[in-house]
Amino acid sequence: MDLRNCRKCGRVYAYNGFKYCSRCRNEEEENFRKVKEYIYDHNDATIQETSDETGVSVKKIISYLREGRLELKGEHHNMILDCERCGRPIKTGRFCGKCINEMEKEFKGATKSKDKKLTYEGKDSDRMYVANRHKRKN
Ligand SMILES: [Zn+2]
Ligand SMILES: [Zn+2]
């Protein structure tokens, strides 16, 4: 059995492919569900308000948005993030459509630096998110 320390509470648990113990994983899912339900019912909620109402940190809510886990509808005018590249307001992910286009162009042009991959694609940004979290913990 592969025993590990939960990244969140530090408890030893049998590794199951997740970086948290089952208790923390349930808590995470519960948090996510609360946020999702709250914004579903409150189209005009801001990130701060959602945090206050659900008890889930602003940082966490932003990470749900950055990961594209929260599905926002057109009515969610206040749930905005900044494009990490140009600072324009966006609804989900990390970059605005314009920057994604530009980066795609740059990426295609940058054939020399193959090892220096851009990380705006879904799976790469997930990985980056995990890496950032890791960094913060240590
Ligand atoms: Zn835990
Ligand atoms: Zn942008």
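Student: In what order do the elements of the protein run from the N terminus on?

Tutor: The predicted protein comprises five helices and four strands. Read from the N terminus on, these elements follow the order β-β-α-α-α-β-β-α-α.

Student: What percentage of the residues of the protein count as buried?

Tutor: A residue counts as buried if 20 or more other C-beta atoms lie within 10 Å of its own. Applied to the 138 residues of the protein, this criterion gives a buried share of 13%.

Student: What share of the contacts with a separation of 6 or more comes from residues 24 or more positions apart?

Tutor: The set considered is the contacts in the protein with a separation of 6 or more. Within that set, residues 24 or more positions apart account for 30%.

Student: How are helices α1 and α2 oriented to each other?

Tutor: Helix α1 spans residues 22-41, and its axis lies 10 Å from that of α2. The two pack at an angle of about 125 degrees. An angle of 65 to 115 degrees would count as roughly perpendicular and one over 145 as roughly antiparallel; α1 and α2 are therefore oblique.

Student: Which residues of α2 make the contact with α1, and how does that contact divide by class?

Tutor: On the α1 side, the contact is made by Lys34, Val35, Tyr38 and Ile39. On the α2 side, it is made by Thr50, Glu53 and Thr54. By class, the residues of this contact are three nonpolar, two polar and two charged.

Student: Which hand has the crossing of α2 with α3?

Tutor: Helix α2 covers residues 47-54 and helix α3 residues 58-66; their axes come within 9 Å and cross at roughly 120 degrees. The two helices are therefore oblique to each other. The crossing in which α2 passes α3 is right-handed.

Student: How many charged residues does the contact of α2 with α3 have?

Tutor: In this contact, Ile47, Gln48, Thr50 and Ser51 of α2 meet Val58, Ile61 and Ile62 of α3. Four of the residues are nonpolar and three polar, and the number of charged residues is therefore none.

Student: Where do the buried residues of α3 lie on the helix?

Tutor: The buried residues of α3 are Ile61, Leu65 and Arg66. Viewed down the helix axis, they fall within an arc of 140 degrees, so they line one face of the helix.

Student: Is isoleucine 62 buried or partly exposed, and which residues does it touch?

Tutor: Isoleucine 62 is located in helix α3. It has 16 other C-beta atoms within 10 Å and is therefore partly exposed. Isoleucine 80, 18 residues away in sequence, is 9.0 Å away in space, C-alpha to C-alpha. Leaving aside neighbours within four places in sequence, the residues in contact with isoleucine 62 are Ile47 and Leu81.

Student: Which residues does asparagine 5 touch?

Tutor: Asparagine 5 sits in strand β1, residues 3-5, and with 13 C-beta neighbours inside 10 Å it counts as partly exposed. Its C-alpha lies 7.9 Å from that of cysteine 21, 16 residues apart in sequence. Not counting residues up to four places away in sequence, asparagine 5 touches Gly10 and Val12.

Notes. Residues numbered from 1 in each chain as written. Chains lettered and ligands numbered in written order. Predicted model: local features only at pLDDT ≥ 70, side-chain atom pairs only at ≥ 80, totals over all residues. Axes fitted to C-alpha atoms, helices over the stretch in contact; angles between N-to-C directions. Parallel < 35°, antiparallel > 145°, perpendicular 65-115°, else oblique. Left-handed = near helix turned anticlockwise from the far one by under 90°. Contact = placed C-beta atoms within 7 Å. Buried ≥ 20, exposed ≤ 12 C-beta atoms within 10 Å, placed from the backbone. Arc of directions from axis to C-beta.
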